[in-house]
Amino acid sequence: MVPDQDVLSISSLWSQLTQCAAQEKALHLADLFEADEQRFERFNIDACGLLADFSKQRMSDEARDLLVALAEERQLRHWLDALFDGAEVNCTEGRAAKHWCLREEAGHAPQVHEQLDAMERMVERILKGHWRGVLGDAITDVVNVGVGGSDLGPLMAAFALQCSLPPEGQARPRIHFASSMDGSQVSQVLQELNPRTTLFLVSSKSFTTVDTLHNAKTARQWLARGLGLDYASESLLRCHFIGISANPRRMAEWGIMPANQLQFWDWVGGRYSLWSAIGLPIALTVGMDGFREMLGGAHAMDLHCRSMPWQKNLPVMLALVDVWNINFLKIPARAVLPYDGRLKHLPAYLEQLEMESNGKSVSRAGEPLDYDTCPVIWGEVGPNAQHAFFQLLHQGTQPIACEFLMTARRYTEDMHSDAAVELEGQHALANANCLAQSRLLALGERALDPKVALPAYKRYRGNQPSTTLVLDELSPGTLGALLAMYEHKVFVQAVIWGINPFDQWGVEMGKLIATDMLAVLTDPDNAEGLDASSQALARHIARKQKSRD
């Protein structure tokens, strides 16, 4: 059973945490480290190929213990059991949220592994050059056509793992992504490709998403024209399109052959779907063995989350740190800063995962909340960010929490020795910058020579909180563990805040209004009840288009 939850502000622990934050407001991280040489030992967790260092968070032992007690008060254990038992945790849509089931072992999830086996057969055909275009050419390029969770997750993971060696004896195709609804991405991608050797993956949970279907239609027209075939040609569809959806009927209506369909299920949210057949671009990057390794890493994190006490539980402590920063230290934003260029798309992925999940202002019981929920999340690859917005982090007026990511090992096995030595030097440089930035943000000018007096414009106040995550290496397994960690963190936060993280009604309403606006753009004068701004903008666009004609 899913337990009931009240709004948090009535909690006595919430009040105690508020008082604790007020008392500790004057504490500086430099003082905490000076007073306690063992601070790191008590504020780090090492599990599943990841080390999380929370010692640079502005948090005392008392605050941490109160947060752990809050998790107990909010019945976190019951909620995690409900999630993993397949209970109806998505209350507004009447669904379970069983994305974790996608990485279960075969005996526990036969339907999942049936689709994984079908996916493996497709991957093998493509990587071995057996999947041929309609004119008999091997596939050299694969284009993933999707949006949101059908784009961000596969794009992020495939890019992160593209430096992995392809399976022996197999040729990895070039992977491309097209998601923008204005057609700019798909147009640019198609200019670079040969229709004879291009395969399209049309990825959409409902297979009704307007953005995706318009891009897929453009791709189909491009293929038909380039191959000299009819738009409805069965051979074109059989050789050049794979569909991935929870709606096989819609796939068939669009023209995807049954043998070219991969399926997942209603209980998989879009932003949690990269573990399903939506992850086909990832499997084409690392092979099915690599994809299964990624699932295995995520499964290990599932077990860790379910079994470990809260103080040694990675997702739980990450969630509680965010709750502390947002609700008690009043820090409304978090910068995600990977110091490994392969993780360049991770900030965008986390923006969707966290803000689409927990950007809510109403409790599960339908009551308005009187406290903040999700932080504003943004970020960039660390070395680029240092030359862009780090000035604000170091000397700006706003407190901002940071999350640094780095890899302990890289460039050690798959390169010739001379090149490996040179690139290891660059890896060390990136890691040195990561550690230096987190140190300066925490300690401020006290990280420098204390004998040197700095003018006001050079002073660094420090005391900006951060977490540092160190991956043993960026492999499919550790990436899987990292992403599952973030997923469970989001759920834990939702339990603390008493909200449903699995719906996105704001997104759905935006889609509905956009559909209505298409008619307004066609006839701006026939828009009864429309606000003056939207109507004026529609008329302006219509005038500009008419003058061009």
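Which residues do ring pairs link into a cluster?

**View 1. Ring pairs link Phe200, Phe207, Trp222, Phe241 and Trp254 into a cluster.** The model shown here and in the other views is predicted. The structure holds 14 aromatic pairs. One of them joins phenylalanine 207 and tryptophan 254 in an edge-to-face arrangement, 6.5 Å centre to centre with 75° between the planes. Phenylalanine 207 sits in the loop between strand E5 (198–203) and helix H9 (210–227), and tryptophan 254 in helix H11 (residues 248–254), so this pair ties together parts that are 47 residues apart in sequence. Phenylalanine 207 is buried at 2% relative accessibility. Tryptophan 254 is also buried, with a relative accessible area of 15%.

**View 2. Tyrosine 339 and phenylalanine 404 form a tilted aromatic pair.** Their ring centres are 6.1 Å apart, with 35° between the planes. Tyrosine 339 lies in the loop between strand E8 (333–338) and H14, while phenylalanine 404 belongs to strand E10 (residues 401–407), so the pair ties together parts that are 65 residues apart in sequence. Tyrosine 339 counts as buried, at 2% relative accessibility. Phenylalanine 404 counts as buried too, at 0%.

**View 3. Serine 245 is a buried residue of strand E6.** The strand covers residues 241–245. The relative accessible area of serine 245 is 0%. A polar atom of the serine 245 side chain lies 2.8 Å from the backbone oxygen of serine 204. A polar atom of this side chain also lies 2.9 Å from the backbone oxygen of lysine 205. Leaving aside residues up to four places away in sequence, serine 245 touches several residues, among them Phe207, Met251 and Phe264.

**View 4. An unreviewed UniProt entry places the feature "active site" at Glu356, His387 and Lys511.** These positions are spread over 156 residues of sequence and also in space, up to 36.5 Å between C-alpha atoms. From this set, Glu356 and Lys511 are in the lining of the largest pocket. Glutamate 356 is part of helix H14 (residues 346–358). Its side chain makes a polar contact of 2.9 Å with the side chain of arginine 271. Histidine 387 lies in the loop between helix H15 (382–386) and helix H16 (390–395). Histidine 387 is exposed, with a relative accessible area of 72%.

**View 5. Aspartate 531 caps the N-terminal end of helix H20.** A side-chain oxygen of aspartate 531 lies 3.2 Å from the backbone nitrogen of serine 533. Helix H20 (residues 532–548) has 17 residues. From its first C-alpha to its last, helix H20 reaches 24 Å, close to the 24 Å expected at 1.5 Å a residue.

Technical notes. Residues numbered from 1 in each chain as written. Predicted model: local features only at pLDDT ≥ 70, side-chain atom pairs only at ≥ 80, totals over all residues. Heavy atoms only, no water. Helix = DSSP H or I, 4+ residues; strand = E, 2+ residues; numbered from the N terminus. Expected span 1.5 Å × (residues − 1). Polar contact = N/O pair within 3.5 Å; in protein donor to acceptor, adjacent residues only side chain to side chain. Buried < 20%, exposed > 50% of the residue type's maximum accessible area, 1.4 Å probe, protein only. Contact = heavy atoms within 4.5 Å. UniProt positions renumbered as here; feature names shortened; annotations may be inferred. 1 Å grid on protein atoms, 1.4 Å probe; cavity = no way out; pocket = protein on both sides within 12 Å on 5 of 7 lines; lining within 4 Å. Phe/Tyr/Trp six-rings, centres within 6.5 Å; stacked < 30°, edge-to-face > 60°.
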